[in-house]
Amino acid sequence: MKPTNKADFKRVLRATHYSMKGLKAAYINEAAFRQEMWCAIILFPLALILGDTNIEKALLVGTIFIVLITELLNSAVESVVDRIGSDFHELSGRAKDIGSAAVFMSMMLLAITWILVLFF
């Protein structure tokens with residue numbers, strides 16, 4: 001295994017910077033991401049309080065992150081589609097609808113996981 005050098009560390013710092021830039025852009029430009037972020041801020045401590053075991057806590061917290069990750073990917077798809085043009089195209093609409101469906105499925109996963117962990 002090769003030793004880590006300064007260039008590798010700088011690459012990691014640049015990648016982290018771009019990630020933070022992306023999170024900031026999503027928060028500023030995407031209302032859905034802002035809403036989900038505020039829900040996550042509320043749900044995260046609840047997950048740690050309400051989960052009885054570390055596995056339950058991981059499941060509850062993990063589903064919160066899955067919703068945020070899915071929303072980020074959906075926002076990225078929407079940005080690319082919008083960049084291509086504002087004219088209606090069936091494939092553009094389909095791409096946006098599929099991205100939205102992915103967010104919906106992640107929210108269903110969150111809801112089902114929380115119900116199963118907390119009530120059964």
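Reader: Is Glu90 buried or exposed, and what is its relative accessible area?

Author: Glu90 is exposed, with a relative accessible area of 53%. That label applies because exposed means over 50%. Keep in mind that this is a predicted model.

Reader: Which side chain does Glu90 meet in a salt bridge?

Author: The general idea is to look for a side-chain nitrogen of Lys or Arg within 4 Å of a carboxyl oxygen of Asp or Glu. Here Glu90 pairs with Arg94, at 2.8 Å from N to O. Both residues belong to helix 4 and sit 4 residues apart, about one turn of the helix. Arg94 is partly exposed, at 41% relative accessibility.

Reader: How many salt bridges does a search of the whole structure find?

Author: The search finds 2. Besides the Glu90 pair, Asp82 bridges to Lys96, with the closest N and O atoms 2.5 Å apart. Asp82 is in helix 3 (residues 54-84) and Lys96 in helix 4 (residues 90-119), so this contact ties together parts 14 residues apart in sequence. Asp82 is partly exposed at 46%, and Lys96 is partly exposed at 26%.

Reader: Which residues form the positive surface patch?

Author: Lys6, Lys10, Arg11 and Arg14 form it. One of them, Arg11, lies in helix 1 (residues 6-29) and is partly exposed at 48%.

Reader: Where does UniProt place the feature "transmembrane region"?

Author: The unreviewed UniProt entry gives residues 31-51, 57-77 and 98-119. In the model, residues 31-51 are 95% helix, with end C-alpha atoms 29 Å apart. Residues 98-119 are 100% helix, and their end C-alpha atoms are 31 Å apart.

Methods:
Residues are numbered from 1 along each chain as its sequence is written. This is a predicted model: local features need pLDDT of at least 70, side-chain atom pairs count only at pLDDT 80 or more; totals for chains, interfaces and linings use all residues. Side-chain values use heavy atoms; hydrogens and water are left out. Patches are made of residues with over 30% relative accessible area and no salt bridge: like charges are joined within 9 Å, nonpolar side chains (Val, Leu, Ile, Met, Phe, Trp, Tyr) within 5 Å. Accessible areas come from the Shrake-Rupley method with a 1.4 Å probe; for residues, only the protein chains shown count as cover. Lys and Arg count as positive and Asp and Glu as negative; His and the chain ends are not counted. The place of a charge is taken as NZ of Lys, CZ of Arg, CG of Asp or CD of Glu. Helices (H or I, at least four residues) and strands (E, at least two) are DSSP runs, numbered from the N terminus. Buried means under 20% relative accessible area, exposed over 50%, partly exposed in between (1.4 Å probe, protein chains only). UniProt positions are given in the numbering used here, feature names are shortened, and annotations may be inferred rather than shown by experiment.
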